[in-house]
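Reader: I'm new to this one. Can you walk me through it?

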Amino acid sequence: MLGWFKKKIGLGADSKPEPQPQAEVSPAPEAALSELPPPVPEPAPETQAGLLQRLKSGLAKTRSALLDKVDRVFHGKKVIDADLLDELEEALVTSDLGVRTVHELLDEARAQVSRQELADPEALRRFLKARMLDFLRQVERPAELVLPDSGPFVILVLGVNGVGKTTTIGKLAHKFKQAGNKVLLVAADTFRAAAIDQLKVWGERIGVEVSAQQQGADPSSVAFDALEYAKNRNFNVIIIDTAGRLHTKVNLMEELRKIKRVIAKKCPGAPHEVMLVLDATTGQNAVSQARQFHQAAGLTGLALTKLDGTAKGGIVVNISREFNLPIRFIGVGEKMDDLRDFDPAEFVEAIFSA
Ligand SMILES: Nc1nc2c(ncn2[C@@H]2O[C@H](COP(=O)(O)OP(=O)(O)O)[C@@H](O)[C@H]2O)c(=O)[nH]1
Ligand SMILES: [Mg+2]
């Protein structure tokens, strides 16, 4: 399963090369880092059961945090009473689902109990799971991503330091490449040399080109030059990495807005996706980051990382409810293949089934 981008990126659509004009800007010296290696054979597609199993193991901490609590509340209970509902509410509030969501859940549960619609604790448990799925599905999806009629699909990736931007970009580029796309990575996080090198390492690992300049270069110029370089080279996908110094710093937000403007000027309609990467282990902090970046840069989608290392996976529900933004991907590990398309049903199944 290759997810949304397969349908929308127009795999196999032949983009006819236009006559080559004189390049206005020469590519960055490091731009043509690596020749594309011979195509790697496609790995056998993972079975649905295999995918779910891997998702489950990635979400094991969240699952045990949530389910253990819920199980403890339900243990030995034969009937639903006020105590059970109160204990359940308390257990869920500490699970990062968000207070608002938990209150709504429990209000509904209480109403259903009073209408005698929930026969026993097992029915309450099923209700919980079903509502959680509803919540995730209710997120009003913004209009479908519309592919540019011509030219590459440009993704601008934002997020504070250490959330997993570069790693997510590497994984994402790998997915795109596996799906047959020609991908260019752009090192517009010029703040630290190590950040540029890290992207180059990912580029080499997965066999895609990286457009980079020296440390301290203006990120907007890096983006501009990369788009110029990409012109007439038939890239389908361009993913731009950015710096993530504290989101509370006004200058970072200014810088991001400028990068966006420059991209739009160079490539009308781009960036087609402004994706914020959030670290799930930070819990509620992720929610406030999303709010600030959304205000500053107009996000179109979210990626949630490190769901494998945290019991705070409930934050996915919280964020879905808080923002009118789709969660496109979740990261459940550090390896190349540890990025999954976010699928509410799969997610709830992974959390709620033993
Ligand atoms: N366990 C786990 N670690 C991750 C995931 N995504 C990123 N990381 C790790 O988080 C750290 C920071 O990632 P990096 O991509 O450098 O973050 P950036 O500063 O936002 O670019 C690295 O050690 C990554 O390996 C994930 O989904 N799961
Ligand atoms: Mg980085």
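Author: Start with strand 7 (residues 327-331): five of its five residues are buried, so the rest of the structure largely encloses it. Buried means 20 or more other C-beta atoms within 10 Å of the residue's own; exposed means 12 or fewer, partly exposed is in between, and C-beta atoms are placed from the backbone. Helices (H or I, at least four residues) and strands (E, at least two) are DSSP runs, numbered from the N terminus.

Reader: Where does the model come from, and how is it numbered?

Author: It is a predicted model; local features need pLDDT of at least 70, side-chain atom pairs count only at pLDDT 80 or more, and totals for chains, interfaces and linings use all residues. Residues are numbered from 1 along each chain as its sequence is written, while chains are lettered from A and ligands numbered from 1 in the order in which they are written.

Reader: Back to strand 7. Which strand is joined to it?

Author: Strand 6 (residues 301-305) is, through three bridges, and the two run parallel. Two strands pair if DSSP finds at least two bridges between them. Leu304 sits opposite Ile330 of strand 7.

Reader: And strand 1, buried or exposed?

Author: Buried: six of six residues in strand 1 (residues 153-158). Phe153, Ile155 and Val157 point one way, Val154, Leu156 and Leu158 the other way, and all are buried.

Reader: What does strand 1 pair with?

Author: Strand 4, in the parallel sense, over four bridges. Strand 5 (residues 273-279) also pairs with strand 1 in the parallel sense over four bridges. Val154 has Ile238 of strand 4 as its bridge partner, and Leu158 stands opposite Leu276 in strand 5.

Reader: Where is Ala243?

Author: In the loop between strand 4 (237-242) and helix 10 (250-266). Ala243 is buried, because 20 other C-beta atoms lie within 10 Å.

Reader: What is Ala243 in contact with?

Author: Leaving aside neighbours within four places in sequence, Ala243 touches Asp189, Thr190, Phe191, Pro219 and Leu252. Contact here means C-beta atoms, placed from the backbone, within 7 Å.

Reader: New topic: helix 5. Which residues there are buried?

Author: Thr101, Val102, Leu105, Ala109 and Val113. They lie on the same side of helix 5, because they cover an arc of only 100° around the axis. The arc is that of the directions from the helix axis to the C-beta atoms.

Reader: What covers them, and what is on the other face?

Author: The cover includes helix 4 (82-93), helix 6 (121-138) and helix 12 (315-322). The face turned away from the buried side carries the exposed residues Val99, Arg100, Asp107, Ala111 and Ser114.

Reader: What about the ligand? Which residues come nearest?

Author: Of the 19 residues around ligand 1, Gly164, Lys165, Thr166, Thr167 and Gly331 come nearest. A residue is near a molecule or strand if its C-beta atom, placed from the backbone, lies within 6 Å of it. Helix 7 (residues 165-178) gives the most to this shell, with three residues.

Reader: And the whole chain: how many helices and strands?

Author: The protein chain has 13 helices and eight strands. Of its 354 residues, 42% count as buried.

Methods. Contact = placed C-beta atoms within 7 Å.
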